[in-house]
Amino acid sequence: MAKNDGWTESASEALRWRPGSPVTDIDTSGKPGFDGDKALGEELLASRGARLSELQELLYANGRSGDHRSVLLVLQGMDTAGKGGIVRHVIGMVDPQGVHTASFGKPTDEELSHDFLWRIHKQTPKGGQIGVFDRSHYEDVLVVRVHDLVPQSVWEPRYDIINSFEEDLASSGTTVIKCAMFVSLDEQKKRLQERLDRPDKYWKYNPADIDERGYWPKYQEAYQAMLDRTSTAGAPWHVIPADRKWFSRLAITELLIEALESLNLDWPPADFDVEHEKARLAEA
Ligand code: AMP
Ligand code: MG
């Protein structure tokens, strides 16, 4: 990483969840690992976006040449945490051809008639793609647990099921980057207020979001269990303080860059004779 870019350590180190630490201690307005301000953060987002885009093109090029590797960004967070903003402002910086985004809302009747990973499997990224999950299989140990949508005997085994699912993904070449975005109750209130004050935001407003605020402590408990039980060596959780949108966007951009750089991608070699083709073109 370039010097003077505001990061005092890598984003993945700074943000990685340490199992056992209390969720209630998360500073939702913090910026762990970054000592720059908003102006620097926004400036960096643009330049790092260019780097992200270059790496994504490399991944895509390799995918086109038969490489099975892919990246999957999993976004979890309460309403208004900024998941949609990540899709628009971070993923939006790369070529949409190489991106597969899926959002997971309330399951349909058909989805409910299958096991909880059925709809998830169908949306995993192909070789060369960056997949993005706006909510994910983790809803099945979050909202489902908080609202007793299935008995504990059903949701409890899901932590292990998820761990082995993600292990399978890793062994088939998918790097899983998990981000839990944490917004404070106060900041959420401001953002919901904005959705009620601005006609261009009504579409994001859901009256049920207010009811969910009453379940905050139960959600915190469910997030604690999720982070502690599904932070594995192959697929660790990152906690993203989300009260400052510029920080959460910058942080996730860095996590993606780190993951892509660790794949050590090169441009795929030509599968034709370059000199021969040049000679043919000259004559054509
Ligand atoms: P949004 O992301 O604002 O479109 O809202 C989607 C809603 O679907 C959220 O309230 C989620 O909690 C809910 N949801 C997502 N997955 C599940 C699930 N497996 N079971 C029940 N509700 C879910
Ligand atoms: Mg919503």
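**Figure 1. R135 lies in the loop between β3 (130–134) and α6 (143–146).** Helices (H or I, at least four residues) and strands (E, at least two) are DSSP runs, numbered from the N terminus. This is a predicted model, in which local features need pLDDT of at least 70, side-chain atom pairs count only at pLDDT 80 or more, and totals for chains, interfaces and linings use all residues. Residues are numbered from 1 along each chain as its sequence is written, chains are lettered from A and ligands numbered from 1 in the order in which they are written, and side-chain values use heavy atoms, with hydrogens and water left out. R135 counts as buried because its relative accessibility is 19%; buried means under 20% relative accessible area, exposed over 50%, and partly exposed in between (1.4 Å probe, protein chains only). Although R135 is not a glycine, its phi is positive, near 65°.

**Figure 2. Ligand 1 and its polar contacts are shown with R135, R119 and K106.** A polar contact is a pair of N or O atoms within 3.5 Å; within protein, one must be able to donate a hydrogen and the other to accept it, and residues adjacent in sequence count only if both atoms are side-chain atoms. An N or O atom in the side chain of R135 is 2.6 Å from an oxygen atom of ligand 1. A nitrogen atom of ligand 1 lies 3.2 Å from a polar side-chain atom of R119. For K106, a polar backbone atom is 3.1 Å from an oxygen atom of the ligand. On its own, ligand 1 has 500 Å² of accessible area, of which the protein covers 71%; such areas come from the Shrake-Rupley method with a 1.4 Å probe, and for residues only the protein chains shown count as cover.

**Figure 3. The shell around ligand 1 has 5 nonpolar, 1 polar and 6 charged residues.** Ala, Val, Leu, Ile, Met, Phe, Trp, Tyr, Cys and Pro count as nonpolar, Asp, Glu, Lys and Arg as charged, and the others, Gly among them, as polar. The residues around the ligand, each with a heavy atom within 4 Å of it, include D79, F104, G105, P107, E139, D140, V143, V144 and L149.

**Figure 4. N264 lies in the loop between α12 (245–261) and α13 (274–283).** N264 is exposed, with a relative accessible area of 66%. Its phi is positive, about 50°, although N264 is not a glycine. The chain to which these views belong has 13 helices and 5 strands, and buried residues make up 47% of its 284 residues.
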